[in-house]
Structures are given as C-alpha cells and as structure tokens.
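Me: I'd like to talk through a structure with you, starting with its pockets and then moving on to some backbone details. Can you take a look?

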Amino acid sequence: MLEGFTPWPQNAAERYRTEGLWRGESLVDLLDTAARAHGSKTALVGGDRRIDYGELALLTRRTAAGLRARGIRAGERIVVQLPNGPDFVVVCFALFRLGAKPVFALPSHRLQEIRHLCELSGAVGYVFPESHHGFDHLALAHRVRRELPALRHLFVLGKDAEGDAVPLAEVDADPVELPAPDPSDVAFFLLSGGTTALPKLIPRTHDDYAYQVRAAREACPVGADDVYLAVLPVEFNFTWGCPGVVGVLGAGGTVVMAEEPVPEVCLPLIAREGVTFTSVVPSVLQLWLEAREWMDDDLRSLRFLQVGSAKLYPETAERVQPAFGCRLQQVFGMAEGLLTFTRPEDPAATVLTTQGRPVSPADEIRIVDEQDRQVPVGTVGELLARGPYTLRGYYRAPEHNSRAFTEDGFYRSGDLARLTPEGNLVIEGRIKDVIIRGGDKVSAAEVEGHLLTLDSVARAAVVPYPDEFLGERTCAYVVPAGQAPSLQGVKAALEERGLAAYKVPDRLEIVTELPLTGLGKIDKKVLAALARGESTSWTTGLLPSTGTRAATTDSE
Ligand code: AMP
C-alpha cells in the first residue's frame, strides 16, 4: 500500500466488499476483460489512429515493459500531462500494469503547477508533449528536472533533438510477466479543484474507481454499442470516469478523442463516428448551442449529453433537446468522489432544475448548517459526502485533512446545496473560496499568493464575477505598493512566473484598502458584490471610478 495514502476504515472497506461494490478488480483487469470479450472491436479513436481492444491491451503491455526497462518501478509516481489522444490512455494503463501511479496534470498547466505536482507527489518521471498549443513543454520539463533531482525520467510525446528526454515511441519492449496490482492500492491521482494555495492530490484506488465507473454506468446506461466522445481534457474526472473513458472501455464501447472542445471539431466527429454520448461543461454547451444555428451536422446518433462541473441554468438546459435531438443528463461531481446524476426516467422538470441523485445506494450525503447539524429537507446547507468512492484523505496533507473531513469521515465539499422532497440535489452556491471559470476551478488563495509576489502589489483579494459565457471569471482587487499595476502588466508577470493561463485574473480593480469583516478577515462578500456591479455600504477603499465599472478588463 502506498505510504501517505489514507485508506477507508476497515469496517467500511469490509462492508463495501461484502456488498459487492469493491470486487477486488483492478483497472488492468477491467481492460483485459474487455479485450478478451471484444478483441477486434475499436476501443480508441484519436486523430487518424484507430486502435482495437486487442491492440490496446498489447500496446499497454509493451509500454509497461518499456517503462520498466527504463527503470520505472511499482509504487513510483509519474506526472502525466498529455493532450487528448490515445497516448494518454496507453501510458496510464501501462503505469497501472506496473503498479506505478500516474498523477494527472492538465494540458494547460505550466511551471508552477508541474513543479508543485512533481514535488508533492515525489514523482520520479514526467510524461509530456514536445509542445502543445505553441507552448514549449520540453523546456519546462528540463527546467523542472534541474530544480528537482528526484525527477529522473522525462518521456516526451514527440522528440528531444538536443536533450535526453526519451520519446514515448521508444518506450516499447516485449511484454514481461508483472505482478497484478493490488486493487485496494492507489491506482492514480486526480487533482483537487482546490481551496488552498496549492492544489492537492486525490488518491483513487483501483477498487474505488472501478466501482465508480460501474455505478456511473448504472445511472447512465452505457454498453458495448456506445461511442463516447472525450471532449473535455481526459484528465478531468468527468471525462475519465463518469462513466467516461474508463467506463466505456470497461463496457466494450468505443472512445473517440476530440483534440479541442470547439464545435467545429466535435460536431463533425459526432456525425463521422456515430457518437452516442458525451460530457461537457456549460460553457462548452453554450458554444455548441450557438454553433447549432449554422452547423447542420447529422447528430442523430447522439442519445444523451451529460452536462456538469459548473452551474447549468434551466434556460440553457431547456435548449439541449431541441438543438441536439437528444436527452440531457445533469451531472454534479467532484474529483474527490461523490457523483450525482439525473436519470433517464426522471420527469423533465427534475432534469432541467436539479443535479439528480447519488449514483450509488451506498453514497451517504448530509446537508448541514455551520455547526454541522443536519438541516431539514429543502433547506440550504453545506454538502458533506462519504461513500465507497469518496476519498478519506488527500495525499500527504495531514493538516488540511483535519479540516476537510468530519470526525466520522465525511468530506466537506464546500458546496451549498439542498435536497428536494424526491431526494434530488440542487447546488445553490459554495462557501469554498473557488472560482468556477468554465470547467476550470481556480483557487482564490492560490492566485492571491502569486499576486503578492509581485513588487507592485501590497495586498490582494480574488473574487468571481458573473460571465455570460464562462459562468464566472476572476477579478483581483489589489492595493498597490507604489505605482498601481495595469491588468496587462499583472497578466504578463503571472504568466512569466509560469502560472496556468486560466488562473490569471480577467479583471483588475485598484483599491486603497480592502474591506474587513468584524474578525479582521478580508470581506470577500463585499468584494464579490462590488465585482458583480452592486453597490455596497463599503466605500472607503474605492477610487472614484471603481465599483461602477471594471477598472481594466481584456476588452478595454
Ligand atoms: P472538480 O473536482 O474539479 O470536478 O470540481 C468539483 C466542484 O465543481 C464541486 O465541488 C462543485 O463546486 C462544482 N460542480 C461540479 N458539478 C457541478 C454542477 N453540476 N453544478 C454546480 N457546480 C458543480
């Protein structure tokens, strides 16, 4: 068992096993079983590659042997950052075979995130594309390795003409016998959407993830005839396992990888490959809905569209069926575990206005007030969750874990929710300090920490403001140190530091001081109201122009 991993308590684990939820099945078993049953059927489509189940199983065996020959061993962590494509699946399943643990980085991550993930996980390897969207990942990889001596292995999708990063194409050897991975051990790490200054690692075991995809498949019936389009980054839990890539591979279906979520790429792919379902965030849905007015691709194969990861408004939800001729399934989920789905048999009103019910009968949810007391049905409170695929602790974060969980092991989601009398969940907001920008989660504390490293910034607070397209964007309130910085200057400085672009503030407001609560903490409620363009009783720190209009945004 991986050191630093918090397992479920023994009695809970025993119950999940006795009830047949955890079946002692690894993700490798899941692929091999599908490969035995569906050998010559197409498993993966990406670009012009089509890989059948037999080939996929063999490729993952050869890659596992290749990685082993290069020195990767069971238990070691490897940061994997690859764009949507078959290589991501091959590398991850190869690592599962070896018992090594992939740490899922997003393609948009840059120096700050990659260095942090490598350091926190104690990674010995990093798998990355030579370049992606014009960004030189090779240079980043060499820099991180210079700074972190534990990072011994670099594997590049592409080549490294001047350096020693090993091309993934050369990670190939004749298959070797490997001990089966322990199903109760960590299979891989997802990233937290994060409330803390630095993202945390979510360990997911074979048992718990194999169960998650099975439970998700029950709530969202998917079988061997289904074709799933992976639209969002495959490293998202939503794309990877709700039921997503892993669930569809486990069912013998076909996974088609879209390189970009834009309608110009995805809608023709749906028509060409006969895609039966996919999963998107509301901002991507919005783009597709607009495109539907001028793109008439034949989407008759589409049975349903999963939408989740951020608030979906009923007015947008209503447009799905007419625009795509398919059903909508609302999804609420978190990389930490708990998933709720609306069901195919639900009445329209439930599908349009709620985020559905937990996918597993063994999921336990509580909605509580500030004293952790359960509130009556219909009352809004914080959502707590516990269950067979909800983590019991972040990796190597004991101090944070003592706050993030109740004593009896419920995870504090930081989301505000209520239950309808029928038992459906409605997400009403959140108490955690996170901005949900499209599908990306931005930790305010993380961005504030970076702002404070700039010479021009004395104090900073980051809050969301509504955006028609992304749902929310980030606004930074800054008390300058000397000459006030410009938005452009701040953006350039944060990108120069190597922060992922989606975390860089969209808007900057200069203030002479920040509002404080009675307890002396920054009053984010006041700032969020100002950012929404509302007036508040706090005016002391405002410059004459602030509060009535954005000081600087991109469009200016
Ligand atoms: P992540 O772990 O990145 O998937 O982020 C999980 C968080 O996304 C949740 O705790 C919620 O704050 C938010 N979220 C996920 N699904 C929804 C949804 N359907 N509606 C509103 N917020 C959502």
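Predicted model: local features only at pLDDT ≥ 70, side-chain atom pairs only at ≥ 80, totals over all residues.

Me: ok, what volume does the second largest pocket have?

Reply: The second largest pocket has a volume of about 960 Å³. Its lining is made up of 40 residues, of which S108, H133, P233, D440 and Y502 are the closest to its centre.

Me: and what's the lining like by class?

Reply: The lining of that pocket has 22 nonpolar, eight polar and 10 charged residues, and β7 (135-136), α6 (137-147), α11 (282-291) and α17 (487-497) each supply at least two residues of it.

Me: where does it lie relative to domain 1 and domain 2?

Reply: The second largest pocket lies between them, because domain 1 (25-258) and domain 2 (438-554) both give residues to its lining.

Me: switching to helices, at what angle do α3 and α4 pack?

Reply: Helix α3 (residues 53-69) and helix α4 (residues 86-98) pack at an angle of about 65°, their axes being 8 Å apart, and the crossing is right-handed. The residues of this contact divide into 11 nonpolar, two polar and three charged, including L56, L59 and R61 in α3 and V89, F93 and R97 in α4.

Me: which residues does the cis peptide bond join?

Reply: That bond joins C242 and P243, with omega about -5°, and P243 sits in the loop between α8 (237-241) and α9 (244-250).

Me: what about S309, is its phi positive or negative?

Reply: Phi of S309 is positive, near 85°, in a residue other than glycine, and S309 is placed in the loop between β15 (304-308) and α12 (314-317).

Methods. Residues numbered from 1 in each chain as written. Heavy atoms only, no water. 1 Å grid on protein atoms, 1.4 Å probe; cavity = no way out; pocket = protein on both sides within 12 Å on 5 of 7 lines; lining within 4 Å. Points joined across faces, edges and corners; volume = space filled by probe spheres on them. Helix = DSSP H or I, 4+ residues; strand = E, 2+ residues; numbered from the N terminus. Nonpolar A, V, L, I, M, F, W, Y, C, P; charged D, E, K, R; others polar. Domains from an automatic or database assignment. Axes fitted to C-alpha atoms, helices over the stretch in contact; angles between N-to-C directions. Left-handed = near helix turned anticlockwise from the far one by under 90°. Contact = heavy atoms within 4.5 Å.
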